[in-house]
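Work through these exercises with the sequence and the 3D view side by side. Try each task before reading its solution.

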Amino acid sequence: MRLKYKNFEFPANPASIEFLSSSNCCSKPVFDENSAVENISVNPVKITGEGEFFADSAQEYCSYLQNLLKSKKSGWLFVPSAPPVKAYFTEFKFSKNTKRNSILYFFEFTEDCSGRKAERLFKYTYAEKNENAFEIANRCDVSVNEIMRLNDFKSPFDIPQGSRVAIR
(Lines give C-alpha, C1' and ligand atoms only; values in the text may rest on other atoms or scores of the structure.)
Protein backbone atom coordinates (compact mmCIF):
# COMPACT_ATOMS: atom_id res chain seq x y z
CA MET A 1 0.00 0.00 0.00
CA ARG A 2 1.23 3.49 -0.83
CA LEU A 3 0.61 6.67 1.14
CA LYS A 4 -2.59 8.31 -0.05
CA TYR A 5 -4.38 11.53 0.93
CA LYS A 6 -7.77 12.36 -0.55
CA ASN A 7 -7.30 11.63 -4.27
CA PHE A 8 -3.48 11.91 -4.34
CA GLU A 9 -1.48 8.69 -4.15
CA PHE A 10 2.25 9.12 -3.70
CA PRO A 11 4.17 7.49 -6.58
CA ALA A 12 6.45 5.84 -4.00
CA ASN A 13 6.21 5.77 -0.22
CA PRO A 14 8.20 8.42 1.64
CA ALA A 15 11.60 7.40 3.03
CA SER A 16 10.30 8.07 6.55
CA ILE A 17 6.93 8.50 8.23
CA GLU A 18 6.59 9.53 11.88
CA PHE A 19 3.55 9.62 14.18
CA LEU A 20 3.49 11.97 17.16
CA SER A 21 0.86 11.35 19.83
CA SER A 22 0.82 13.60 22.88
CA SER A 23 -1.35 14.82 25.70
CA ASN A 24 -1.57 17.84 27.96
CA CYS A 25 -0.91 17.34 31.64
CA CYS A 26 -1.45 19.76 34.46
CA SER A 27 0.71 19.69 37.57
CA LYS A 28 -0.50 21.39 40.74
CA PRO A 29 1.05 21.59 44.19
CA VAL A 30 -1.02 19.91 46.88
CA PHE A 31 -1.06 21.26 50.42
CA ASP A 32 1.15 19.08 52.68
CA GLU A 33 1.76 16.52 49.90
CA ASN A 34 3.57 16.05 46.61
CA SER A 35 2.28 17.60 43.43
CA ALA A 36 -0.76 16.17 41.69
CA VAL A 37 -0.66 15.53 37.96
CA GLU A 38 -3.75 15.19 35.77
CA ASN A 39 -3.95 14.26 32.11
CA ILE A 40 -6.42 16.90 30.93
CA SER A 41 -6.61 16.33 27.17
CA VAL A 42 -5.25 14.38 24.23
CA ASN A 43 -3.71 16.36 21.37
CA PRO A 44 -4.37 15.58 17.71
CA VAL A 45 -1.96 13.06 16.20
CA LYS A 46 0.66 14.63 13.91
CA ILE A 47 1.93 12.56 10.98
CA THR A 48 5.10 13.79 9.31
CA GLY A 49 7.31 12.37 6.64
CA GLU A 50 9.90 13.06 4.03
CA GLY A 51 10.88 11.58 0.75
CA GLU A 52 11.92 12.29 -2.80
CA PHE A 53 10.10 12.68 -6.12
CA PHE A 54 12.07 11.83 -9.26
CA ALA A 55 12.07 12.76 -12.96
CA ASP A 56 9.90 15.15 -14.96
CA SER A 57 6.70 14.55 -12.96
CA ALA A 58 8.29 15.64 -9.63
CA GLN A 59 7.31 19.30 -10.09
CA GLU A 60 3.78 18.26 -11.06
CA TYR A 61 3.43 16.25 -7.82
CA CYS A 62 4.61 19.23 -5.78
CA SER A 63 2.18 21.60 -7.50
CA TYR A 64 -0.69 19.19 -6.85
CA LEU A 65 0.25 18.84 -3.17
CA GLN A 66 0.51 22.63 -2.79
CA ASN A 67 -3.06 22.92 -4.08
CA LEU A 68 -4.21 20.19 -1.67
CA LEU A 69 -2.63 22.14 1.17
CA LYS A 70 -4.92 25.10 0.40
CA SER A 71 -8.02 22.95 0.96
CA LYS A 72 -9.85 23.91 4.13
CA LYS A 73 -11.43 20.49 4.58
CA SER A 74 -9.93 17.39 6.12
CA GLY A 75 -9.71 14.11 4.27
CA TRP A 76 -8.72 10.51 4.79
CA LEU A 77 -5.02 9.77 5.05
CA PHE A 78 -4.01 6.19 4.31
CA VAL A 79 -0.59 5.33 5.70
CA PRO A 80 1.11 1.96 5.08
CA SER A 81 0.79 -0.40 8.08
CA ALA A 82 -1.41 2.01 10.06
CA PRO A 83 -5.14 2.62 10.44
CA PRO A 84 -6.64 5.42 8.29
CA VAL A 85 -6.72 8.86 9.90
CA LYS A 86 -9.04 11.73 9.06
CA ALA A 87 -6.62 14.65 8.86
CA TYR A 88 -5.84 18.13 7.66
CA PHE A 89 -2.85 18.69 5.38
CA THR A 90 -0.99 21.28 7.47
CA GLU A 91 2.50 21.67 6.02
CA PHE A 92 4.38 20.92 2.82
CA LYS A 93 7.87 22.02 1.88
CA PHE A 94 10.19 20.93 -0.88
CA SER A 95 13.57 21.67 -2.40
CA LYS A 96 15.06 20.81 -5.76
CA ASN A 97 18.12 18.60 -6.05
CA THR A 98 19.50 19.49 -9.49
CA LYS A 99 22.27 16.87 -9.40
CA ARG A 100 19.80 14.02 -9.01
CA ASN A 101 16.97 15.59 -11.04
CA SER A 102 14.69 15.14 -8.03
CA ILE A 103 12.71 17.08 -5.44
CA LEU A 104 13.10 16.42 -1.71
CA TYR A 105 9.88 16.98 0.23
CA PHE A 106 8.55 17.15 3.78
CA PHE A 107 4.89 16.95 4.84
CA GLU A 108 2.78 17.21 7.96
CA PHE A 109 -0.80 16.08 8.56
CA THR A 110 -2.78 16.88 11.71
CA GLU A 111 -5.60 14.64 12.88
CA ASP A 112 -9.12 16.05 12.54
CA CYS A 113 -10.56 15.55 16.03
CA SER A 114 -13.97 17.07 15.35
CA GLY A 115 -15.58 13.62 15.26
CA ARG A 116 -13.58 12.22 18.18
CA LYS A 117 -15.48 12.21 21.45
CA ALA A 118 -13.67 14.10 24.17
CA GLU A 119 -12.27 11.73 26.72
CA ARG A 120 -11.75 12.55 30.36
CA LEU A 121 -9.00 10.32 31.69
CA PHE A 122 -8.81 11.58 35.25
CA LYS A 123 -11.17 10.60 38.07
CA TYR A 124 -10.24 13.24 40.62
CA THR A 125 -8.77 16.69 41.02
CA TYR A 126 -7.50 18.81 43.89
CA ALA A 127 -9.30 21.86 45.24
CA GLU A 128 -7.49 25.12 44.68
CA LYS A 129 -7.40 28.00 47.13
CA ASN A 130 -10.91 29.45 47.81
CA GLU A 131 -12.49 27.08 45.26
CA ASN A 132 -15.98 25.70 45.76
CA ALA A 133 -17.87 22.79 44.14
CA PHE A 134 -19.41 25.06 41.50
CA GLU A 135 -16.01 26.27 40.31
CA ILE A 136 -14.57 22.74 40.35
CA ALA A 137 -17.58 21.47 38.39
CA ASN A 138 -17.07 24.18 35.78
CA ARG A 139 -13.30 23.55 35.55
CA CYS A 140 -13.70 19.77 35.22
CA ASP A 141 -16.87 19.70 33.09
CA VAL A 142 -18.97 17.74 35.61
CA SER A 143 -22.09 18.57 37.57
CA VAL A 144 -22.10 19.90 41.13
CA ASN A 145 -24.49 17.08 42.00
CA GLU A 146 -21.90 14.53 40.82
CA ILE A 147 -19.20 16.14 42.95
CA MET A 148 -21.44 16.16 46.01
CA ARG A 149 -22.54 12.54 45.40
CA LEU A 150 -18.95 11.25 45.10
CA ASN A 151 -17.50 13.18 48.04
CA ASP A 152 -18.31 13.70 51.73
CA PHE A 153 -18.47 17.48 51.68
CA LYS A 154 -20.94 19.10 54.08
CA SER A 155 -21.60 21.95 51.68
CA PRO A 156 -20.60 22.82 48.10
CA PHE A 157 -18.99 25.95 49.58
CA ASP A 158 -16.91 24.16 52.24
CA ILE A 159 -14.05 22.45 50.37
CA PRO A 160 -10.63 22.86 51.96
CA GLN A 161 -7.68 23.81 49.75
CA GLY A 162 -5.75 20.74 48.60
CA SER A 163 -8.66 18.35 49.17
CA ARG A 164 -8.80 15.44 46.76
CA VAL A 165 -12.12 15.81 44.93
CA ALA A 166 -13.55 12.77 43.11
CA ILE A 167 -15.22 13.81 39.85
CA ARG A 168 -15.93 10.46 38.12
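**Exercise 1. Is phenylalanine 53 buried or exposed?**

The model is a predicted one. Start with the relative accessibility of phenylalanine 53, which is 2%. Buried means under 20%. Phenylalanine 53 therefore counts as buried.

**Exercise 2. Find what serine 102 touches, and say where serine 102 lies**.

Step one: locate the residue. Serine 102 lies in strand E9, which covers residues 102-111.
The relative accessibility of serine 102 is 4%, so serine 102 counts as buried.
Step three: list the contacts, leaving aside neighbours within four places in sequence. Serine 102 is in contact with Glu52, Phe53, Phe54, Ser95, Lys96 and Asn97. Phe53, from Exercise 1, is one of these contacts.

**Exercise 3. Describe the aromatic pairs of tyrosine 5 with phenylalanine 109 and of phenylalanine 53 with tyrosine 61**.

Step one: know what to read off. A pair of aromatic rings is described by the distance of the centres and the angle of the planes.
Step two: count the pairs. The structure holds 17 aromatic pairs.
Step three: take tyrosine 5 and phenylalanine 109. Their centres are 4.8 Å apart, with 50° between the planes, and the pair is tilted. Tyrosine 5 lies in strand E1 (residues 4-5) and phenylalanine 109 in strand E9, so the pair ties together parts that are 104 residues apart in sequence. Both tyrosine 5 and phenylalanine 109 are buried.
Step four: take phenylalanine 53 and tyrosine 61. The ring centres lie 5.1 Å apart and the planes meet at 55°, so this pair is tilted. Tyrosine 61 has a relative accessible area of 22%, so tyrosine 61 is partly exposed.
One aromatic cluster includes Tyr5, Phe53, Tyr61 and Phe109. Phe8, Phe10 and Phe92 are also among its members.

**Exercise 4. Which residues does phenylalanine 109 contact?**

Phenylalanine 109 has a relative accessible area of 1%, so phenylalanine 109 is buried.
Step two: leave aside neighbours within four places in sequence. The contacts of phenylalanine 109 are then Tyr5, Val45, Lys46, Ile47, Leu77, Ala87, Tyr88, Phe89 and Thr90.
Step three: compare sequence with space for one further residue. Phenylalanine 92 is 17 residues from phenylalanine 109 in sequence, and 9.1 Å from it in space, C-alpha to C-alpha.

**Exercise 5. Find two charged ends that sit over rings**.

Step one: look at lysine 93. Its charged end sits over the ring of phenylalanine 106, 5.4 Å from the ring centre.
Step two: look at arginine 164. Arginine 164 lies over the face of tyrosine 124, at 3.6 Å from the ring centre.

**Exercise 6. Which residues line the largest cavity?**

Step one: count. A search of the whole structure finds 1 cavity of 30 Å³ or more. About 30 Å³ of space lies in the largest cavity.
Step two: name the lining. Cys26, Lys28, Ala36, Glu38, Thr125 and Tyr126 line the largest cavity.
Step three: sort by class. The lining has 3 nonpolar, 1 polar and 2 charged residues.
Step four: assign the strands. Strand E4 (23-28), strand E5 (36-42) and strand E10 (124-126) each supply at least two lining residues.
Step five: look at serine 163. Serine 163 touches Thr125, Tyr126 and Ala127, not counting residues up to four places away in sequence. Serine 163 is in the loop between helix H3 (144-150) and strand E11 (164-166). At 16% relative accessibility, serine 163 counts as buried.

Conventions: Residues numbered from 1 in each chain as written. Predicted model: local features only at pLDDT ≥ 70, side-chain atom pairs only at ≥ 80, totals over all residues. Heavy atoms only, no water. 1 Å grid on protein atoms, 1.4 Å probe; cavity = no way out; pocket = protein on both sides within 12 Å on 5 of 7 lines; lining within 4 Å. Points joined across faces, edges and corners; volume = space filled by probe spheres on them. Helix = DSSP H or I, 4+ residues; strand = E, 2+ residues; numbered from the N terminus. Nonpolar A, V, L, I, M, F, W, Y, C, P; charged D, E, K, R; others polar. Buried < 20%, exposed > 50% of the residue type's maximum accessible area, 1.4 Å probe, protein only. Contact = heavy atoms within 4.5 Å. Phe/Tyr/Trp six-rings, centres within 6.5 Å; stacked < 30°, edge-to-face > 60°. Lys NZ or Arg CZ within 6 Å of the ring centre and 35° of its normal.
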